[in-house]
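Here is a short briefing to read alongside the structure.

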Amino acid sequence: MTEVTQTPTRSRVFPIATIVLGFIGLFAAFELITEYIKKIKEPGYIPNCNVSVLVTCGPNMDSWQGSIFGFSNTIIGIGAFMAPIIVGVALLAGARFANWFWALYRIGLALGLVFVGWLAYQSIYSLGTLCPWCMVVWSVTIPLFWTTLFQPEAAGYVNVSDQTKQRFVNMRSWVWVAIVLCFVVIAAAAQFRLDWFAEFTR
């Protein structure tokens with residue numbers, strides 16, 4: 001009788017969360033580039049994200065910070081958010097990636113986190129605005145980075161010793177603290193600089 005070797009069951013929570021966050025970020029980037037194109041075609045066009053003087057994306061689109069590489073940052077977002085969607089779908093299909101892939105993927109997410117952190121700083125301290133779609137991008141980039149930082153080793157996507165795996169499992173349990181802390185820092189900076197709470201409670 002032929003013995004059947006069963007593959008260990010892997011959690012679907014991580015890949016599904018990765019796909020969902022990727023789609024949310026992609027949608028926000030798509031909305032931004034759509035509004036950006038409409039504004040180019042019609043200079044007097046008011047973007048759908050212009051809620052008030054404080055909550056608006058118009059100044060962000062027109063600023064040099066919004067086109068740091070000579071073209072709209074939204075183009076980067078559309079390309080970048082395809083990565084977590086593809087990775088999540090591949091993991092659901094049972095794919096296993098090499099260690100170098102996880103290293104490059106996490107470096108990409110880290111660069112994304114640094115970039116949105118810089119954009120958040122520029123938006124709050126230089127432009128004095130809170131762009132709704134930009135904030136959506138910030139809100140998905142932060143958990144995408146932190147949840148992926150320890151998950152590959154903790155979940156067995158990367159082959160490591162049991163001792164190393166346990167260390168990553170322990171570090172993964174604190175991920176929610178890092179995510180909340182990032183949100184608190186951005187919210188506090190916006191509050192002290194722009195008093196967004198007063199804007200949203202009018």
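Contact here means heavy atoms within 4.5 Å. With that in hand, please keep in mind that this is a predicted model.

**Cysteines**
- The structure holds one disulfide, and its partners are Cys49 and Cys57, with sulfur atoms 1.6 Å apart.
- That distance lets the pair count as a disulfide because the cut-off is 2.5 Å between cysteine sulfur atoms.
- Cys49 counts as buried, at 2% relative accessibility.
- Its partner Cys57 is also buried, with a relative accessibility of 0%.
- Cys131 is buried too, at 0% relative accessibility.
- Cys182, on the other hand, is in no disulfide: the nearest cysteine sulfur belongs to Cys134 and lies 18 Å away.

**Gly58**
- You will find Gly58 in helix 2.
- Is Gly58 buried or exposed? Gly58 is buried, because its relative accessibility is 5% and the limit for buried is under 20%.
- Setting aside neighbours within four places in sequence, Gly58 is in contact with Lys39 and Asn50.
- For a sense of scale, Gly58 and Val180 are 122 residues apart in sequence, and their C-alpha atoms are 28 Å apart in space.

**Thr129**
- Thr129 sits in the loop that runs between helix 5 (99–127) and helix 6 (132–154).
- Although Thr129 is in a loop, it counts as buried, at 3% relative accessibility.
- Which residues does Thr129 touch, not counting those up to four places away in sequence? They are Val53, Leu54, Thr56, Pro59, Asn60, Ser123, Ile124 and Leu194.

**Surface patch**
- Trp64, Ile68, Phe69, Phe71 and Ile75 make up a nonpolar patch on the surface.
- Together these residues have about 510 Å² of accessible area.
- Phe69 is exposed, because its relative accessible area of 56% is over the 50% limit.

Terms used: Residues are numbered from 1 along each chain as its sequence is written. This is a predicted model: local features need pLDDT of at least 70, side-chain atom pairs count only at pLDDT 80 or more; totals for chains, interfaces and linings use all residues. Side-chain values use heavy atoms; hydrogens and water are left out. Patches are made of residues with over 30% relative accessible area and no salt bridge: like charges are joined within 9 Å, nonpolar side chains (Val, Leu, Ile, Met, Phe, Trp, Tyr) within 5 Å. Accessible areas come from the Shrake-Rupley method with a 1.4 Å probe; for residues, only the protein chains shown count as cover. A salt bridge is a side-chain nitrogen of Lys or Arg within 4 Å of a carboxyl oxygen of Asp or Glu. Buried means under 20% relative accessible area, exposed over 50%, partly exposed in between (1.4 Å probe, protein chains only). Helices (H or I, at least four residues) and strands (E, at least two) are DSSP runs, numbered from the N terminus.
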